[in-house]
Amino acid sequence: MSTFERSLQPVCLAEGWSPASWRGRPALQMPQYPDTAALERALAELRRLPPLVTSWEIFALKRQIAEAQEGRRFLLQGGDCAENFGDCESGTISNRLKVLLQMSLVLIHGLRLPVVRVGRFAGQYAKPRSADMETRGDISLPSYRGDVVNGPEFTAAARVPDPRRMLTAHARSAMTMNFVRALTDGGFADLHHPEYWSLNWVGCSPLAEDYQRMVGSIGDAVRFMETLAGVEMHNLNRIDFYTSHEALLLPYEEALTRQVPRQWGWFNLSTHYPWIGMRTAALDGAHVEYFRGIRNPVAIKVGPSVQPDQLLRLIDVLNPDDEPGRLTFIHRMGAAQIASRLPPLLDAVRRDGRRVLWVCDAMHGNTESTSNGYKTRRFANILSELEQSFDLHAAAGTRLGGVHLELTGEDVTECTGGARELTEHDLERAYRSTVDPRLNYEQSLEIALAIVRKQGLRQALVHG
Ligand code: PEP
Ligand code: CO
């Protein structure tokens, strides 16, 4: 029996845990619902609704993450900072999927590794905020906490937490999921036709040539293999795609935490791969308590203030049996801090011999505000954090196994720099995010090409 299969055998349930045991711990970032009866009604309805994912899919993803931990796969996790209900429409969903598919193709081709594809969508509706209140002029209102909680409009009515939004979030997640499943199962992801994923402006992008050359060579390889085998390779026409979101709003997550026939324990069936954000990662906090008892693969964001000892205690709580595929650390230090903050953490985990997947979120440590009031990120800083990550892992004897990015398939101008050298003045043109700035289509593809440049070169040196 493989280590992974052994990990599927029943073990003791996490002691003292239940889907509601988080309620006994300090729960940060939770909205205060004014109408508790309405909250109970919404949660009762949510508990009866069907789940969004299955335990089979969760195990399949866990197996892929276990392979990534061993260096046999690379993880690509990306999507909006905050989805909103209005963006649940076919163009936005398929464009985002196209970018992720194109990026994964670049990575597979350049790294010579299969990619674990994970969307930051179909449930990314709750946002942690640094301040409880937002002030404009002389008016202060509760902060916007994501569409699952309240509305972004700056009015008193929109900012009241409304529990029925949880039902809308569930429904929109299901619709998003349904469309993505249909696309990835039904030929849209067919490697014989990568042109299905082309976005309108790919033709006039400075990156188009590199990308088209790579697509051409993949096409040649596919045709060569088919000629050799004498049959068409049908398994090239569908792909696996998984979902993830920050499991911030615990009443919602609890209502979708279920048991399933013929499996022991509990699963969060609102998403395959939930993560804990930096602001709610306290060892004795409600989020860590909730995550301790679910069987999904889980991730936790690791910011610059985390100490090595804290990280080891988190492993003790979240993965006491050192189960393959179970735990991912997503570090997000910022380009300026990563070189000093990351190495002690890598050393501690490596010395302890613990199994984790290391992923770099190159976005959240690099957020800044412009003089004209936009929240932005510089492409050069994002790239620098990513490139430093690869080098720091190599120096520490650990492996960077994936990237976590905020991106969109739309032609937005939210991050500065990149191939088109967007400036602060360009931000006004197409800034649409309600929370954090995202990479646009070209900038995303450029990141994928840069990873390949950096890492493909290293692999060529190692294996060459
Ligand atoms: C996010 O992923 O949108 C986020 C808020 O990240 P972090 O918890 O790392 O700040
Ligand atoms: Co964000």
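A polar contact here is a pair of N or O atoms within 3.5 Å; within protein, one atom must be able to donate a hydrogen and the other to accept it, and residues adjacent in sequence count only if both atoms are side-chain atoms. The model shown is predicted, so local features need pLDDT of at least 70 and side-chain atom pairs count only at pLDDT 80 or more, while totals for chains, interfaces and linings use all residues. Residues are numbered from 1 along each chain as its sequence is written, chains are lettered from A and ligands numbered from 1 in the order in which they are written, and side-chain values use heavy atoms, with hydrogens and water left out.

**View 1. Ligand 1 and the residues around it.** Let's start with the polar contacts. An oxygen atom of ligand 1 sits 2.7 Å from a side-chain N or O atom of Arg 332. For Lys 301, a polar side-chain atom lies 2.8 Å from an oxygen atom of the ligand, and for Glu 406 the distance from a side-chain N or O atom to a ligand oxygen is 3.1 Å. On its own, ligand 1 exposes 300 Å², and the protein buries 98% of that (accessible areas come from the Shrake-Rupley method with a 1.4 Å probe; for residues, only the protein chains shown count as cover). The residues near the ligand, meaning those with a heavy atom within 4 Å of it, include Cys 81, Arg 120, Trp 275, Met 278 and His 364. By class, this shell has four nonpolar, two polar and six charged residues. In that count, Ala, Val, Leu, Ile, Met, Phe, Trp, Tyr, Cys and Pro are nonpolar, Asp, Glu, Lys and Arg are charged, and the others, Gly among them, are polar.

**View 2. A salt-bridge network that includes Glu 406.** Glu 406 turns up again here, linked with Arg 120, Lys 375, Arg 377 and Asp 436 in a network of salt bridges. A salt bridge is a side-chain nitrogen of Lys or Arg within 4 Å of a carboxyl oxygen of Asp or Glu. Side chains of opposite charge can pair when their charged atoms come close. How many salt bridges does a search of the whole structure find? The search finds 29.

**View 3. The salt bridge between Asp 80 and Arg 96.** The side chains of these two residues meet with an N to O distance of 2.8 Å. The pair links distant parts of the chain, 16 residues apart: Asp 80 is in the loop between strand 1 (74-79) and helix 4, and Arg 96 is in helix 4. Helices (H or I, at least four residues) and strands (E, at least two) are DSSP runs, numbered from the N terminus. Are Asp 80 and Arg 96 buried or exposed? Both are buried, where buried means under 20% relative accessible area, exposed over 50%, and partly exposed in between (1.4 Å probe, protein chains only).

**View 4. Two salt bridges within helices.** In helix 8, Arg 292 and Glu 289 lie three residues apart, about one turn of the helix. Their closest N and O atoms are 2.9 Å apart in a salt bridge, and Glu 289 is buried, at 4% relative accessible area. Helix 10 (residues 338-352) holds Arg 350 and Asp 347, also three residues apart and so separated by about one helical turn. The closest N and O atoms of this salt bridge are 3.7 Å apart. Arg 350 is partly exposed, with a relative accessible area of 42%, and Asp 347 counts as partly exposed at 26%.

**View 5. Two loop residues with positive phi.** Arg 112, in the loop between helix 4 (90-111) and strand 2 (115-119), has a phi near 55°, a positive value in a residue other than glycine. Arg 112 counts as exposed because its relative accessibility is 64%. Glu 421 is not a glycine either, yet its phi is positive, at about 50°. This glutamate lies in the loop between strand 14 (400-406) and helix 12 (441-463), and is exposed with a relative accessible area of 62%.

View 6. Arg 295, found in the loop between helix 8 (286-292) and strand 9 (298-302), is buried at 5% relative accessible area. Arg 295 and Phe 267 are 28 residues apart in sequence and 5.3 Å apart in space, C-alpha to C-alpha. Asp 190, in the loop between helix 5 (165-185) and helix 6, is buried as well, with a relative accessible area of 11%.
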